[in-house]
Each structure stands twice: as structure tokens, then as C-alpha cells.
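Here are some notes to read beside the model. Please keep the structure open while going through them.

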Amino acid sequence: MLKPIVEFCASNMHHGTDAIMQRLESDPDYEVIEYGCLGNCGECYLFPFALVDGEIVAAETADQLYDAIVKNIEEHRANREALDKLLDDM
């Protein structure tokens with residue numbers, strides 16, 4: 001199974017996302033990438049965010065962002081597993 005890719009914007013670190021990025025980097029189940037800019041300046045200015053497999057995940061705080069990222073990844077895994085099971089049953 002492919003690792004989920006979590007992308008962070010260096011310009012968003014003032015929201016505390018650097019700690020979240022480091023926390024995810026220490027987990028071998030995630031591919032974490034930091035960019036100077038992800039081109040989402042509106043979101044970047046307003047609140048903590050990251051891209052998870054290309055999809056914006058945002059929250060009011062960095063801690064809530066971590067939870068939202070993990071939840072997003074778990075939901076996508078569950079959907080993939082359900083789809084795989086459905087295809088296997090066909």
C-alpha cells in the first residue's frame with residue numbers, strides 16, 4: 001500500500017504546523033514533504049493547513065490539524081479497503 005503524502009507550506013509554519021510536520025515525519029507510515037509555497041496563500045494566511053494526497057486539510061489550531069490529517073488518512077484507507085473488498089467479491 002502506498003504511503004499517504006502530506007505536504008506542508010513553509011510559510012504556514014507560523015501557525016505551529018512545524019511541530020505537526022515533525023510529528024508526522026517521525027512516523028514511517030507517512031511521506032512528509034515541505035515546500036516553500038503550496039500556492040494556497042489564502043488558506044495559509046488564515047489557518048493551519050496541509051495537503052493530504054493533494055487535498056486541502058485545514059483546522060483552527062495545529063493540534064486540530066494533526067487530528068484532521070490522521071482522520072482524513074484513516075477515512076481514505078477505509079474507503080480503499082472497502083473498494084478492494086468489493087472488487088474482490090465480484
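1. Contact here means heavy atoms within 4.5 Å. On that basis, and not counting residues up to four places away in sequence, Glu-43 touches Asn-12, Phe-49 and Ile-56. The model is a predicted one.

2. Glu-43 is found in helix H2, which covers residues 41-46. Is Glu-43 buried, exposed or partly exposed? Its relative accessible area is 26%. Buried means under 20% and exposed over 50%, so Glu-43 counts as partly exposed. Between Glu-43 and Glu-81 there are 31 Å in space, C-alpha to C-alpha, and the two are 38 residues apart in sequence.

3. Phe-49, one of the residues that Glu-43 touches, belongs to strand S3 (residues 49-52). In a regular strand, side chains alternate between the two faces of the sheet. In S3, Phe-49 and Leu-51 point one way, while Ala-50 and Val-52 point the other way. All of these residues are buried.

4. S3 and S4 form a hairpin with two residues between the strands. Look at Asp-53 in this hairpin, which takes a positive phi near 50°.

5. The largest nonpolar core has 18 residues. Val-6, Phe-8, Ile-20, Leu-24 and Ile-69 have the most contacts inside this core. S1, helix H1 (17-25), S3 and helix H3 (62-89) each supply at least two of its residues. H3 gives the largest share, six residues.

6. Val-6 deserves a separate look. Leaving aside neighbours within four places in sequence, Val-6 is in contact with Leu-24, Glu-31, Val-32, Ile-33, Ala-50, Leu-51, Val-52, Ile-69 and Ile-73.

7. Last, the aromatic rings. A pair of such rings is described by the distance of the centres and the angle of the planes. How many aromatic pairs are there? With the centres required to lie within 6.5 Å, the count comes to zero. The ring of Tyr-66 does have a charge over its face: Arg-23 lies there, at 3.5 Å from the ring centre.

How values were computed: Residues are numbered from 1 along each chain as its sequence is written. This is a predicted model: local features need pLDDT of at least 70, side-chain atom pairs count only at pLDDT 80 or more; totals for chains, interfaces and linings use all residues. Side-chain values use heavy atoms; hydrogens and water are left out. Rings of Phe, Tyr and Trp (its six-membered ring) pair if their centres lie within 6.5 Å; planes under 30 degrees apart count as stacked, over 60 as edge-to-face and the rest as tilted. A charge sits over a ring if NZ of Lys or CZ of Arg is within 6 Å of the ring centre and within 35 degrees of the ring normal. Buried means under 20% relative accessible area, exposed over 50%, partly exposed in between (1.4 Å probe, protein chains only). Helices (H or I, at least four residues) and strands (E, at least two) are DSSP runs, numbered from the N terminus. Two strands pair if DSSP finds at least two bridges between them. A nonpolar core is a set of buried Ala, Val, Leu, Ile, Met, Phe, Trp, Tyr and Cys residues joined through side-chain atoms within 4.5 Å.
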